[in-house]
Amino acid sequence: MNILSHYKYVFQMQFFRNSGFLVFMALIQILISIGIVIGFTYLIPNPDTKTILFLATGAPTIILIMTGLVILPQQVGTSKSDGYMEFMRTWPVKRSVILGADTILWLFITVPSIVVSAIVAHLMFSPGYDISWTVVPALLMIALTSIGVGYGFSYLLSPTTSLSISQIVVFGALMFSPVNFPMDRLPEWLQTLHEILPIYSMAEVMRASLAASTFDASIGNYINLFIWCVLGYGGAVFILNKN
Amino acid sequence: MILDVQGVTKVFPGPGKSKKIANDNITFTINEGEIFGLLGQNGAGKTTLVNQILGLLTPDRGDIQLLGKSVLQSPTLARSICSVQPQSQVPLGFLTPKQAVSLIGKMRAGKKYDPKRLDMLFEALDMGEWENKEGQKLSGGARRLAAFCMAVIVPGKLVILDEPTNDVDPVRRRYLWQVIRDLTNDGTSVILVTHNVVEAERAVDRVAIINEGKILTQGTPTEVKGSVSNQMRLELSLAKELKEIDIPNWALSTHQNGSRLFISMDPSEVPAAIEWAKVQVDKGQCIDYSLSPSTIEDAYIELTSKKEVVSS
C-alpha cells in the first residue's frame with residue numbers, strides 16, 4: 001500500500017480521536033490571539049500605530065509558538081503516559097507518516113485564530129497591514145519550525161521536563177522575546193540569545209509578510225528557521241524510529 | 001514456521017550501575033495456526049519479549065525471525081506481519097469503536113478492507129450497544145474489546161494479544177476465546193500473553209512459562225503439567241485461619257490463595273484425602289472441598305513461586 005493512503009487513514013484516525021479537543025483548542029487560540037492585540041494596548045498608555053502594528057503582527061507568531069511549543073508538548077506528554085504513543089509505534093506505517101498527519105492537524109487549529117485576530121485588529125485599529133504573497137510560505141515555515149521543535153524536545157525529554165520547558169517558553173515568548181516589541185529594547189545578552197533561538201526569526205518573518213511595507217526579514221532569519229525546523233523534525237523522527 | 005526466536009537476551013540498565021535482565025537467552029518457535037501461551041508473573045519479561053518481536057526494542061543478543069526474515073533488519077516488516085493488542089488500554093478519545101476498528105482495518109488492508117468482518121466481530125462479541133459511542137465514555141471492558149477488534153480486524157500472520165481478557169465480563173470472555181480460536185482456522189498464529197493461567201490452559205496449543213526473564217518450561221499443556229509431576233490436588237475453601245488446620249502428612253506441598261487452600265498429593269492418597277477433607281468440613285474448619293488432577297496453574301505456581309510452599 002502506498003504512503004498516501006496510509007497518510008489518509010492515519011490522518012483520519014488522529015483527527016477523529018482528537019476532534020472535540022481540536023475544536024476547543026481552536027476556539028481558545030482565537031480568544032488568546034484577540035486578547036494579545038487588545039490586551040496589550042491596556043499595558044501601554046496611548047499606543048501609537050507602530051506599537052499596535054507590532055502587537056498585531058506579533059499575535060500570530062505567539063499563537064504558533066503556543067501551539068507548537070506549549071500545547072503540542074503537553075499532548076505528546078499525555079500520549080506518552082497513557083500508552084497511545086506506544087500503540088502508534090505498532091502501526092504498520094512509517095513513523096514519518098504519523099508525524100506528517102499530526103502536523104497538519106496542529107496547523108489546522110492555528111489558522112482560524114490568525115485570520116480572526118488579523119480581521120479584529122484591522123477593524124479596531126487599522127494598524128497598517130500590508131499583506132504580501134509571502135504570507136502563506138512564511139506562515140508554513142514558522143508553523144513547521146515551531147511544531148518541529150515542539151516534537152523534537154517533547155519526544156526526546158520526559159513528560160515532566162518538557163512540561164517545564166513549555167512553561168518557560170510561554171512566559172519567555174510573551175514577555176522576554178522581541179515578538180510584540182522591537183529587539184533593541186532587550187539587554188544585549190538577550191539579544192544575542194535571540195539571534196540563535198528561533199523565536200526572533202519567527203517574529204521577523206511573520207512581520208515582513210503581514211506588513212511588507214513597514215518590516216523586512218533578513219536571509220539570516222529564514223536560514224535560522226530552516227535549521228531549527230530540520231533539527232526538530234529530525235530529532236522527532238530519530239526518537240520515533242529508535243528501538 | 002511463523003516465528004523463530006533464538007537466544008534472545010535483553011538487559012536494561014537499573015538504578016546506579018545495576019542491571020535488570022529482562023530476557024535471558026529465550027528460545028522458542030511458533031508454527032502456523034498455533035496458539036502459543038506466554039505465561040508469567042508481573043515483571044517476568046513477557047512484554048519486553050513481545051516488543052522485541054515487533055521490532056520496537058532491539059535484543060542485546062540473539063535473533064528473531066518472522067517468516068524467515070530477521071526483525072532486526074526490517075522492523076517495518078515486523079509491524080505489517082504482526083498485529084497487536086497492547087497490554088495497556090488504548091485511549092480512543094473521541095473515536096467510536098466502529099471508527100477505530102475500521103480505520104485500523106483500512107490502514108492494514110487498504111482497498112481490500114472488508115467492512116463485513118467488522119460487523120461479524122461486533123456481533124460475535126455482542127458489542128452492538130457500544131459501537132457508536134465515544135471511546136472515552138466506554139467502560140474498561142468495552143474499550144478492551146475494541147482494542148481486541150483493532151488487533152484482529154485484519155489479522156497479520158501473527159496476532160499478539162497481551163492480556164486480552166482483562167476487564168472483560170465472563171460471558172464475553174467466552175465469545176472472545178471463540179473469536180481467537182476462529183482466527184487460527186485461516187492459518188493465523190496467536191501469541192497469548194497472560195497471567196490468567198486457568199483460562200489460558202483451555203485456549204492454547206502450546207505454552208511457555210517465563211519467570212525472571214527465563215523460559216522455565218515449554219510444551220503442550222499436558223507436557224507442562226507432566227514436567228511438574230503426576231499429582232492430584234485438593235482444594236479447600238477455608239472457614240477459619242490456616243494455622244488452625246493440621247496439614248496431613250500425605251500432603252506433598254500446600255499453597256494458600258486468600259481463603260483457598262491447595263494441597264497436592266500422590267494419586268494413591270486420594271481415599272485418605274477425601275476422608276480427611278470430610279472431617280475438616282464436619283469440624284467447621286472448611287466450607288467445601290474439591291479434588292482434581294493437577295492443573296497448569298499448579299505447575300505454574302510450583303515453577304514460579306518464590307515463596308515455596310510449606311511441605312511436610
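Strands are DSSP runs of E with at least two residues, helices are runs of H or I with at least four residues, and both are numbered from the N terminus. Two strands pair if DSSP finds at least two bridges between them. Within this pairing, L66(B) stands opposite K69(B) in β5(B).

The two strands belong to an open sheet of 4 strands in chain B, ordered β2-β1-β4-β5, with antiparallel pairing. At its edges stand β2 (19–30) and β5 (69–70) of chain B; each has a single partner strand, so one side of each is left without a neighbour in the sheet.

## Numbering and basis of the model

Residues are numbered from 1 along each chain as its sequence is written, while chains are lettered from A and ligands numbered from 1 in the order in which they are written. Because the model is predicted, local features need pLDDT of at least 70 and side-chain atom pairs count only at pLDDT 80 or more, whereas totals for chains, interfaces and linings use all residues.

## Chain B as a whole

Chain B contains 10 helices and 14 strands, and its C-alpha trace spans about 70 × 50 × 40 Å along the principal axes. Of the 312 residues in chain B, 42% are buried. A residue is buried if 20 or more other C-beta atoms lie within 10 Å of its own, exposed if 12 or fewer, and partly exposed in between, with C-beta atoms placed from the backbone. Residues are in contact if their C-beta atoms, placed from the backbone, lie within 7 Å. Among contacts in chain B between residues at least 6 apart in sequence, 71% join residues at least 24 apart.

Chain B is divided into domain 1 (3–225) and domain 2 (231–293), with bounds that come from an automatic or database domain assignment. The C-alpha centres of these two domains of chain B lie 37 Å apart.

## Local features of chain B

Strand β6 (residues 82–85) of chain B is covered on both faces: C82(B) and V84(B) on one side, and S83(B) and Q85(B) on the other, are all buried. β6(B) pairs in the parallel sense with strand β7 (residues 158–162) of chain B over 4 bridges, and S83(B) stands opposite V159(B) in β7(B).

G213(B) lies in the loop between β9 (206–211) and β10 (214–219) of chain B. This glycine, G213(B), counts as buried because it has 23 C-beta neighbours inside 10 Å. Not counting residues up to four places away in sequence, G213(B) touches I21(B), A22(B), N23(B), D24(B) and G45(B). N25(B), placed in strand β2 of chain B, has a phi near 50°, a positive value in a residue other than glycine. With 14 other C-beta atoms within 10 Å, N25(B) is partly exposed. D167(B), in the loop between β7 and α6 (170–185) of chain B, also is not a glycine and has a positive phi of about 70°.

## Chain A and its contact with chain B

In all, 23 residues of chain A are in contact with 24 residues of chain B. On the side of chain A that touches chain B, α1 (3–43) and α3 (84–88) of chain A each supply at least two residues. α1(A) gives the most, with 11 residues. By class, this side of chain A has 10 nonpolar, 9 polar and 4 charged residues. Ala, Val, Leu, Ile, Met, Phe, Trp, Tyr, Cys and Pro count as nonpolar, Asp, Glu, Lys and Arg as charged, and the others, Gly among them, as polar.

An unreviewed UniProt entry places the feature "domain: ABC-2 type transporter transmembrane" at residues 13–209 of chain A; such annotations may be inferred rather than shown by experiment. In the model, residues 13–209 of chain A are 81% helix and 0% strand, with end C-alpha atoms 34 Å apart. The UniProt entry also gives the feature "transmembrane region" for several stretches of chain A, including 21–45 and 165–183. Residues 21–45 of chain A are 92% helix, with end C-alpha atoms 37 Å apart. Residues 165–183 of chain A are 58% helix, and the end C-alpha atoms are 23 Å apart.

## Confidence

The model scores ipTM 0.84 and pTM 0.84. Chain B has a mean pLDDT of 88, and 97% of its residues reach 70 or more; pLDDT is the predictor's confidence in each residue, from 0 to 100. Over residues 307–312 of chain B the pLDDT is below 50, and this stretch has 10 contacts in the model beyond near neighbours in sequence. Where pLDDT is low, the predicted coordinates should not be read in detail.

Methods:
Contact = placed C-beta atoms within 7 Å.
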